[in-house]
Amino acid sequence: MKYFTQKLEHLLELGGVKKDITLLVISGISLILSLANLNPFPFDIAWISIILCGIPIVMEAIIGLITAFDIKADVLVSLALVASVCIGEDFAAGEVAFIMALGGLLEELTVSKARAGIEKLVHLTPQTARVIIDGNEKIIPAEQVEVGAVLRVLPGETIPVDGIITDGETSVNQAVMTGESLPVDKSVGDEVSSGTVNQFGAFEMRATKVGEDSSVQRMIRLVQSADAGKAKIVGIADRWATWIVVIAFSAAALTWLISGEIIRAVTILVVFCPCALVLATPTAIMAAIGNAAKHGFLVREGDALERLAGVTKITFDKTGTLTYGTPEVVKTVAVKPDISSEEIFDLCAAVEQLSEHPLGKAVVRSYRRTVGKTITACDDFKMIPGRGVCANVNGAAILAGNREMLEENNISISQSIMTETERFSEQGCTLIYISANGKTAGYVVLSDTVRKESRAMIDELKSLGVQPVLLTGDNIRAASAIAKQLHIDKVFAECLPEDKLKRIDAYQSCGESVCMIGDGVNDAPALKKANVGIAMGGMGSDIAVDAADIALSDDEVKELPHLVALSKRMMTTIKLNMTFSMTLNFVAIVLAIIGTLNPIVGALVHNAGSVLVIINSATLLNWKRKIK
């Protein structure tokens with residue numbers, strides 16, 4: 001006995017899932033030995049299950065009653081345990097305790113499964129940082145960086161903390177934080193976030209947010225908040241607990257008075273124990289969260305899936321959501337009379353062919369796909385971070401970059417060109433200005449492109465009974481063209497953040513349930529206002545992610561119909577679970593009243609129902625939508 005006690009103390013020192021699994025295995029073995037009358041101890045070995053699994057349930061029920069007079073389902077479970085023990089039905093008591101503990105473990109394992117798929121995406125903070133102390137560079141652990149410290153970040157390194165650039169110019173890949181695939185040019189005074197990647201230039205920065213306050217650590221906390229306990233529907237069994245307790249006591253008391261057999265009364269308490277009802281909803285929700293995680297969705301709140309199942313309209317931001325966020329060359333313009341637009345494209349591709357910048361790669365990719373000619377060789381190539389590139393092509397000095405690059409090289413841009421390019425800028429296009437031998441020669445227009453899967457995704461959402469709506473800051477012409485291409489009938493263009501908010505509020509006032517999908521800070525008010533907010537780029541901007549209920553960890557918008565269908569399937573599973581569990585309970589009660597069931601058989605039948613509910617919920621883990 002001393003050996004057993006020592007082993008038990010050792011197990012209780014273990015933490016989390018490992019401890020729960022170990023205790024459940026021991027409890028399960030004890031029940032099997034008890035049922036087979038293989039008892040190595042002077043007491044019924046089923047007591048091991050009662051102690052390991054049952055006592056925590058009873059203690060929680062007592063604490064809830066004493067501190068808040070809170071009657072939950074665990075009160076009835078405790079009554080069934082105590083009643084079974086009082087009449088000597090130790091096996092029945094141990095089995096009830098075991099099945100409830102098993103349900104709790106299933107929830108915990110499913111949460112861990114859901115989190116595991118996302119945690120791989122948030123281990124992004126580097127272990128070390130280059131800190132400048134008295135002019136000398138020192139490498140220290142990243143967690144030791146303090147606010148106000150000056151850091152140096154080299155090309156290709158991940159930025160260790162949030163901060164502001166104090167010296168240098170660069171381009172930073174912020175995809176991990178914003179979902180933007182294009183790097184953003186940064187210079188003195190600009191903010192940079194932990195987890196983002198410095199691409200081209202070395203710079204120095206002053207730390208403003210470190211440790212738990214940094215962007216990446218905030219995402220880790222977001223992962224830890226994935227908890228089905230917030231789901232409104234989880235509380236159904238607990239909300240009904242008072243009535244269940246009253247009915248169970250009344251039925252047990254009347255049966256005892258009429259039949260004179262206390263064993264029938266105890267059997268009623270055992271079969272009335274709402275194990276299956278308690279398990280019906282949280283197991284389904286957590287299995288659905290695990291499924292969603294495998295498809296790239298981080299569900300912050302369990303009731304988000306419940307709300308998503310009732311959505312009638314999904315409003316979309318355009319850029320980075322329905323589009324790739326990666327540009328393609330859509331137009332080349334020559335402004336010198338002795339050069340053609342085709343030659344502008346040739347020059348731009350020639351000078352950009354050695355560039356590592358995504359804009360330069362986009363130009364080369366577009367040139368090879370649309371023109372198909374061999375790109376002219378260049379020499380004396382030089383890249384200027386945050387500005388552009390320069391090189392010699394066929395003896396001519398060529399610059400390709402932004403407006404600031406030309407101005408810094410004293411190359412003037414006429415007002416007429418400024419007016420033309422402004423029109424493209426208003427449409428959300430990106431421009432690369434080209435100069436030859438110190439004179440403006442033309443410009444190349446690049447534009448974001450619609451995702452290949454966006455149109456099919458929109459059509460599938462319609463087939464699920466959801467109407468897509470486009471809410472964008474683009475002008476009406478650009479927005480209408482995108483909407484027509486994607487089969488979106490409702491379009492609202494030139495929307496400021498407050499306009500998106502008002503549009504969603506108007507839909508809700510008409511009884512519509514709205515889901516908003518966006519990726520930027522400007523979408524945060526709408527994400528918060530919507531019945532369900534989904535943030536693109538699961539590690540997107542801080543404000544957008546905070547406002548959203550669900551975060552998409554990658555840009556696979558084709559998975560959105562799966563998420564909507566999964567939410568509907570989850571609600572169907574919950575309803576089936578609850579219907580089955582209640583029906584089984586009442587049938588078992590009738591059989592207990594007439595004496596057909598004794599406590600042990602009643603526990604077996606009742607807990608078999610709990611296992612079936614768990615199995616039914618677990619099917620959601622690998623459920624896939626059938627595409628018609």
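Helices here are DSSP runs of H or I with at least four residues, strands are DSSP runs of E with at least two, and both are numbered from the N terminus. This is a predicted model, where local features need pLDDT of at least 70, side-chain atom pairs count only at pLDDT 80 or more, and totals for chains, interfaces and linings use all residues. Residues are numbered from 1 along each chain as its sequence is written, and side-chain values use heavy atoms, with hydrogens and water left out.

Back to H22, which covers residues 560–593: its 34 residues should span 50 Å at 1.5 Å a residue, and the end C-alpha atoms agree because they sit 50 Å apart. (The expected span is 1.5 Å times one less than the number of residues.)

Now the strands, where a pair needs at least two DSSP bridges between its members.

| Strands | Bridges | Facing residues |
|---|---|---|
| E5 (residues 170–173) and E6 | Three bridges | Ser 171 opposite Asp 185 in E6 |
| E3 (residues 150–153) and E9 (residues 203–209) | Four bridges | Leu 151, bridge partner Met 205 in E9 |
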